[in-house]
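Colleague: Thanks for sitting down with me over this one. Could you take me through the side-chain contacts and the place where the chains meet?

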Amino acid sequence: MSLKKRRLGWLISSLVALGMAIGLLLLAARDTVTFFFSPSELAQLSIKQDRRLRVGGLVAAGSVQRTGTIIHFVITDRVQTVPVIFSGILPDLFREGQGVVAEGRLGTDGVLHASSVLAKHDETYTPRDVAESSLQKKWRGERAPGAAQTTATGGSAPAAITR
Amino acid sequence: MHFFTKLALRHARALLWWSSALTLVLLVIGLVWGLFFSPADYQQGEMVRILYIHAPAAWMGLFAYTVMAVASAASLMGKYPLADIVAKASSPVGALFTIICLVTGALWGKPMWGAYWVWDARLTSMLILLFLYLGHIALVNAFDDYGRGARAGAILALIGFINIPIIKFSVDWWNTLHQPASITRVALPAMAMEMLLPLLVMGLAFKAYYVTLLLVRIQSEMAAVQVRASRLTQNNWTQNNRRENGR
């Protein structure tokens, strides 16, 4: 075997070993690597009380209630829901049907007491005048059943959340 | 390999001229199209225009590292004279693109997400890429012996290459605040054509810019190699002279 081939073998095998090691590391730490849990993922986890966490999903239609500076809304992934209480500045993109990520502590009553709310933008880019045209309606029609009620504002759903 | 090396070196000057001209033309077309003639987004409004800088910079950040890793592998496998020089030339350029990507991303993130920075998998892995670049630049220049620095840098570049697929697929493997890929999506096109086209023009412009910077840096690296070599021979010559003169 030539020197170059032997070196290539060494190079590839050490890179594969390193890749597997890092892959296992990331697999073991996936609950910390993930930026947020969907309501369904949250239901399957056994979360310790008072642990700070982030919950991401769509703002359920008709769920936003403002009383003074306090705002109540519900995050849904169309399977499970998590109610959220928040007081503070909301991002401009916050609206019903929009993808959001709320960070805070889960109370005993199952309500997320959020200290920050971030808007999650999806991967679709559409000119303003096209947004309400037939193209948008076609996308809406292709969504899962029950999609219409959660996307009252016509924003398209983030793909990561609908999984 | 040697054939292409010789060919590229012989035509380096012409290549540089063409890539500079291409960069200029594509950059002007892409910027004017993206900033003035493409439509505003239905959700992001005018902020969508940051995309025309941000995404091409991110692509080139990954591409420059891939070039660096391939050159490093070639350098470790055998003696390709240009491989070390290409790797050394590519890393500051890649660092520049990564910085552009991170800064424009932060400027977009504040109005859209509500935060300049979040520690999600995509943003964190991109920051690690910047540190890998900076580490590579420092390591390559940390040795008095050019060859040893190049070798250490090549090993670092290959180890860090693991990060490239992590960056690319981070938005698919984990829940991230950063949106998934729009262009490589298989299903429906996620981006309207009048936004996609200026983005692709800008992508090509950044690629041409990368080639231009790489060529300039390769030429200056080669000049540095020549200076080193001539200094070495001069030292030897003076030492030999001294010995012969019995000083």
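Colleague: Which ring does Lys168(B) lie over?

Modeller: Keep in mind that this is a predicted model. A Lys counts as sitting over a ring when its NZ is within 6 Å of the ring centre and within 35 degrees of the ring normal. Lys168(B) is placed 5.8 Å from the centre, over the face of Phe169(B).

Colleague: And how far is the charged end of Lys207(B) from the centre of the ring of Phe63(B)?

Modeller: This is another charge placed over a ring, with Phe63(B) supplying the ring. From the charged end of Lys207(B) to the ring centre the distance is 3.9 Å.

Colleague: Let's turn to ring pairs. How many aromatic pairs are there over all chains?

Modeller: A pair of aromatic rings is described by how far apart the centres are and by the angle of the planes. Here the centres have to lie within 6.5 Å. Over all chains, the count comes to 11 aromatic pairs.

Colleague: What kind of aromatic pair do Trp17(B) and Trp18(B) form?

Modeller: Trp17(B) is exposed, and Trp18(B) is exposed too. Their ring centres are 5.3 Å apart, with 85° between the planes. Planes over 60 degrees apart fall in one class, so the pair of Trp17(B) and Trp18(B) is edge-to-face.

Colleague: What about Phe63(B) and Tyr210(B): how many residues apart in sequence are the parts they tie together?

Modeller: The two rings have centres 5.7 Å apart and planes at 85°, so this pair is edge-to-face. Tyr210(B) counts as buried, at 2% relative accessibility. Phe63(B) lies in helix H3 of chain B, while Tyr210(B) lies in helix H8 of chain B, so the pair ties together parts whose separation in sequence is 147 residues.

Colleague: Which residues form one aromatic cluster with Phe63(B) and Tyr210(B)?

Modeller: Phe63(B) and Tyr210(B) are paired edge-to-face. They also belong to one aromatic cluster, and the other members are Phe97(B), Phe206(B) and Tyr209(B).

Colleague: Now the charged pairs. Which residue meets Glu46(B) in a salt bridge?

Modeller: Side chains of opposite charge can pair when their charged atoms come close. Glu46(B) counts as partly exposed, at 49% relative accessibility. The N to O distance is 2.8 Å, and the partner of Glu46(B) is Arg49(B).

Colleague: Glu221(B) forms a salt bridge with Lys88(B). Are Glu221(B) and Lys88(B) buried or exposed?

Modeller: The closest N and O atoms of Glu221(B) and Lys88(B) are 3.5 Å apart. Glu221(B) lies in helix H8 of chain B and Lys88(B) in helix H4 of chain B, so the pair ties together parts 133 residues apart in sequence. The relative accessible area is 8% for Glu221(B) and 15% for Lys88(B). Under 20% is the cut-off, so Glu221(B) is buried and Lys88(B) is buried.

Colleague: By about how much of the helix are Glu221(B) and Arg217(B) separated?

Modeller: Glu221(B) also forms a salt bridge with Arg217(B), with the closest N and O atoms 3.8 Å apart. Arg217(B) counts as partly exposed, at 25% relative accessibility. Because Glu221(B) and Arg217(B) are four residues apart in helix H8 of chain B, their separation is about one helical turn.

Colleague: On to the interface. How many salt bridges does the rule find across the interface of chain B and chain A?

Modeller: The contact takes 46 residues from chain B and 45 residues from chain A. The area buried between chain B and chain A is about 3,900 Å², with carbon and sulfur atoms giving 60% of it. There are 11 residue pairs in polar contact between the two chains, both residues at pLDDT 80 or more. For salt bridges across this interface, however, the number is zero.

Definitions and conventions. Residues are numbered from 1 along each chain as its sequence is written. Chains are lettered from A and ligands numbered from 1 in the order in which they are written. This is a predicted model: local features need pLDDT of at least 70, side-chain atom pairs count only at pLDDT 80 or more; totals for chains, interfaces and linings use all residues. Side-chain values use heavy atoms; hydrogens and water are left out. Rings of Phe, Tyr and Trp (its six-membered ring) pair if their centres lie within 6.5 Å; planes under 30 degrees apart count as stacked, over 60 as edge-to-face and the rest as tilted. Buried means under 20% relative accessible area, exposed over 50%, partly exposed in between (1.4 Å probe, protein chains only). Helices (H or I, at least four residues) and strands (E, at least two) are DSSP runs, numbered from the N terminus. Contact means heavy atoms within 4.5 Å. Buried area is the accessible area (1.4 Å probe) that two parts lose on being put together, summed over both. A salt bridge is a side-chain nitrogen of Lys or Arg within 4 Å of a carboxyl oxygen of Asp or Glu. A polar contact is a pair of N or O atoms within 3.5 Å; within protein, one must be able to donate a hydrogen and the other to accept it, and residues adjacent in sequence count only if both atoms are side-chain atoms.
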